[in-house]
Amino acid sequence: MGRLVVVSNRIGDPRKAAAGGLAVALGDALSQSGGLWFGWSGKINESGAPGEGELHMQRSGSVQLVTLDLSQADHDAYYTGYSNQALWPAFHYRLDLADFGAGFFAGYQRVNRLFARKLAALLQPDDVVWVHDYHLIPLAAELRALGCRQRIGFFLHIPLPPPPILAAIPGHEWLMRSFFAYDLVGLQTRSDADHFARFVVEEANATALGNDEFEAFGRRVVARAFPIGIDVDEFQRLAHSTESRETEAMLRDQYSKRRLLVGVDRLDYSKGLPRRFRAFRELLANYPENRNSATLIQIASPTRETVDAYDDLRRDLEGLAGEINGDYGELDWMPIRYLHRTWARRRLPALYRCARVALVTPLRDGMNLVAKEYVAMQTQEDPGVLVLSRFAGAAEQMREALLVNPYDIPAAAQTIQRALQMPLAERRERHAALLQRIRTNDVHWWRKEFLDALSAIEPRVRETS
Ligand code: GDG
């Protein structure tokens, strides 16, 4: 394989300790083949002209990190606008929250064109290009328009909704056509891949050629599920860090008489946090033996704070946490510890280890890595229980979790009670099966499966007319 070029909205420095599993896994692949990671620098140039941006180059070992500043107008239309106020809600089945504001779409196209122009100048003929996520769906089409004939793959980290929802997105024909400029499109689950197949066949008159291959617009594309995993070993190593051990000792001491439940999420409406809090309140109401005992620690890390829907959500949650603590709290016990801030990654393992139950109850999620991180951190001797939404992509693989419908609050409360009461033998059995699966299908497996599939595609035969 030639050099690997990864493109994503934000890039991670693979050598930095704070990097998550994805940055580490992509970093490994980039280091092996020598590579380049391209993305937005995170900086906004307030006086910059739309469609223009300054490039910054940096080396990290054998990996070249290349970033681009965005003008204020481009950032607002491409990132805050079309990516996060149109595509993010629509792809999470939330058309009610989607805003297809004037200028968003044009900004999205402009920035993808800008990325393509800057990147094309850096590409070598045998490079393999791997584009990530919904911010950059049209990037391959823009690169092809500039004459790039390299293998180009795309991975969508968020769900792909069914055809009737996709068809409600203004410009959906153009968006779906953009997928055909790739050689390989990776989705999180079989159900997302099924939505892709149905959409392109029903709406774009594509021909299904078998083996997950489709032909339309004079091109062929393979679209298949590649469920993302975590770096289990890296995460388990984190648990041995000083911060993690100190945090674990503190939590065990502070909560020695309580039963801890944990939730770790970005503060996003897709994660189902208000309904989770309501299910927890129902647990306290319906199963009083949990009063003065069950304590939910909810980390909700701030995200996209300039978007109104996120502000409304924050206020909702603060209100709910206050109500529940006011109604049920005692002088020496608060049912919910709600922390609206980002926790150091090194301290997360401790939280997972001390929690008897993890609540991972999104209304919709591409995969959800927290479910996998929680399982990775449990001991075989006395493992905790994962309560997982059936609407998280992870539910397709993690059948031994207790699956819930997060919209059904009484049933969710009942399932949490079942998790808290689960006998040791059943906990061990479920955990062993889950751990084995997340180990087999870890992030390194995911990367290799995707890149092997991409390498197996011969780019010259992709053009069919
Ligand atoms: C997208 C898709 C898909 C969370 N809070 C803190 C923190 N985290 C870490 C978790 C986990 C990661 O962030 C979140 O992973 P998720 O999978 O939940 O989700 P998204 O950010 O929504 O990502 C998702 C994922 O892409 C990968 O393809 O699974 O479905 O939406 O690793 O531990 N980390 C730290 N402090 C926090 O407060 N350090």
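Which domains does the shell around the ligand draw at least three residues from? The answer is domain 1 (4–229 + 444–456) and domain 2 (233–440), each of which gives at least three residues to that shell. The domain bounds come from an automatic or database domain assignment.

Before we look further, here is some background. This is a predicted model, in which local features need pLDDT of at least 70 and side-chain atom pairs count only at pLDDT 80 or more, while totals for chains, interfaces and linings use all residues. Residues are numbered from 1 along each chain as its sequence is written, and side-chain values use heavy atoms, with hydrogens and water left out.

## Around the ligand

Let's start with the neighbours of the ligand. A residue is near a molecule if one of its heavy atoms lies within 4 Å of it. The ligand is surrounded by 23 residues, and the closest are His157, Trp343, Asp365, Leu369 and Glu373. By kind, the shell divides into eleven nonpolar, six polar and six charged residues. In this grouping, Ala, Val, Leu, Ile, Met, Phe, Trp, Tyr, Cys and Pro count as nonpolar, Asp, Glu, Lys and Arg as charged, and the others, Gly among them, as polar.

| Residue | Protein atom | Ligand atom | Distance |
|---|---|---|---|
| Serine 301 | polar side-chain atom | nitrogen | 3.2 Å |
| Tryptophan 343 | backbone N or O atom | nitrogen | 2.5 Å |
| Leucine 369 | backbone N or O atom | oxygen | 2.7 Å |

How much of the ligand does the protein bury? Taken alone, the ligand exposes 730 Å², and the protein buries 84% of that. These accessible areas come from the Shrake-Rupley method with a 1.4 Å probe; for residues, only the protein chains shown count as cover.

Several elements give two or more residues to the shell: β11 (259–266), β12 (294–301), α12 (348–354) and α13 (369–376). The largest share, three residues, comes from α13. Helices (H or I, at least four residues) and strands (E, at least two) are DSSP runs, numbered from the N terminus.

## Strands and their partners

Now follow β11 to its partner. β11 pairs with β14 in the parallel sense over two bridges, and leucine 261 stands opposite valine 357 in β14. Two strands count as paired if DSSP finds at least two bridges between them. β14 also pairs with strand β15 (residues 385–389), again in the parallel sense, over four bridges. Here leucine 359 has valine 387 in β15 as its bridge partner.

In a regular strand the side chains alternate between the two faces of the sheet. Strand β14 (residues 357–360) is covered on both faces: Val357 and Leu359 on one side, and Ala358 and Val360 on the other, are all buried. Buried means under 20% relative accessible area, exposed over 50%, and partly exposed in between (1.4 Å probe, protein chains only).

Elsewhere, strand β1 (residues 4–10) is mostly covered, with six of its seven residues buried. β1 pairs in the parallel sense with strand β5 (residues 128–132) over four bridges, and valine 7 stands opposite valine 131 in β5. Five bridges also join β1 to strand β2 (residues 35–45), and these two run parallel. In that pairing, valine 5 stands opposite leucine 36 in β2.

## Some single residues

Most residues other than glycine have a negative phi, and most peptide bonds are trans. Aspartate 133 has a positive phi, near 75 degrees. Aspartate 133 lies in the loop between β5 and α4 (139–145) and is buried, with a relative accessible area of 12%. Aspartate 212 also has a positive phi, near 65 degrees. Its place is the loop between β8 (207–210) and β9 (213–216), and aspartate 212 is partly exposed at 36%.

The side chain of serine 83 reaches the backbone oxygen of tyrosine 78 at 2.7 Å.

Finally, visit helix α11 (residues 308–328), which holds arginine 314 and tyrosine 328. Arginine 314 is partly exposed, with a relative accessible area of 24%, whereas tyrosine 328 counts as buried at 17%. Tyrosine 328 and arginine 291 are 37 residues apart in sequence, with their C-alpha atoms 7.3 Å apart in space.

Key: Polar contact = N/O pair within 3.5 Å; in protein donor to acceptor, adjacent residues only side chain to side chain.
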